[in-house]
Amino acid sequence: MGEMDRNNKKILQNIKMPEQSNDYRVVVFGAGGVGKSSLVLRFIKGTFRESYIPTIEDTYRQVISCNKNICTLQITDTTGSHQFPAMQRLSITKGHAFILVYSVCSKQSLEELRPIWSLIRELKGEEISQIPVMLVGNKCDESEDLREVTNIEGQTEAATWGVSFMETSAKENHNVTELFQELLNMEKNRNVSLQLDGKNKKKNKKKMMKEQAKEEKLLKEKKEKQMQREKEKGKEKDKDKEKQTKEKDKGKEGKDKAGAGNAAQAPAGEGSGTLKEKCKVM
């Protein structure tokens, strides 16, 4: 019985549990400010924001093709901070593929990826050879003067880790779609693609058009509210100016009246003095 239990245990260890959902989970790691969110937003929404807003953790979804069926590409945009190690470990455990992003303008941002890569290898164990991983040098649109990591240095680092490599620019939309498609092409356990066929493609297109229309409507409403606020501010400024002008006019009128009063008193004094002199003469 003991030997039979051991055999059963070995069999159970070799059996992989089936996926509980139809999601294909991609996790994006990197230091703060390297452009993780910009890459994801450029890919999902086709937009780019100039301002930097630190991320705690955001998840984005897109419909993709998986073994000729529809499934959801779930992209987790992680925090650039090291304050949430539990969240980091959970993201790695659940992830099917990984994008490790650094800025070509910051050598330190590349160095900060090394402990993350070590943790991925530790948590994934022997499975790591089957998992798609891409090292990404973002902000390749920046001038050579600002570069701290060359393309060759990035390729060498990726080769040392045994992962794929690509340079991107979220700002210029360079290699963004190619990055995600290449990552999916590396998946060995199932046929995953960004391309949808036939009816599925049409459905997805309609869905995206609806979302886009909704987004445009919200932006329009936001702009209208902003314009309204600006108008109200303009009116308030005009009122303030009008008030100040009135106060100035009142002050001027007061001065004019005081001057007129003094002028009126002076001749009266002269007249009385003349009368006194007349009385003396008489």
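## A walk through the core

Start by selecting F180: its relative accessibility is 2%, so F180 counts as buried (buried means under 20% relative accessible area, exposed over 50%, partly exposed in between, with a 1.4 Å probe and protein chains only). Keep in mind that this is a predicted model, where local features need pLDDT of at least 70, side-chain atom pairs count only at pLDDT 80 or more, and totals for chains, interfaces and linings use all residues. Residues are numbered from 1 along each chain as its sequence is written, and side-chain values use heavy atoms, leaving out hydrogens and water.

The whole structure has 3 of them. Select F29 and F98: the ring centres are 6.4 Å apart and the planes sit at 15°, so this pair is stacked. F29 is in strand 1 and F98 in strand 4, 69 residues apart (strands are DSSP runs of E, at least two residues; helices are H or I, at least four; both are numbered from the N terminus).

Back to F43 and F180: their centres are 4.1 Å apart with planes at 15°, so they are stacked as well. F43 belongs to helix 2 and F180 to helix 7, so the pair ties together parts 137 residues apart in sequence.

Last stop, L73. Beyond its neighbours within four places in sequence, L73 is in contact (heavy atoms within 4.5 Å) with residues including Y24, F43 and L194.

Terms used. Rings of Phe, Tyr and Trp (its six-membered ring) pair if their centres lie within 6.5 Å; planes under 30 degrees apart count as stacked, over 60 as edge-to-face and the rest as tilted.
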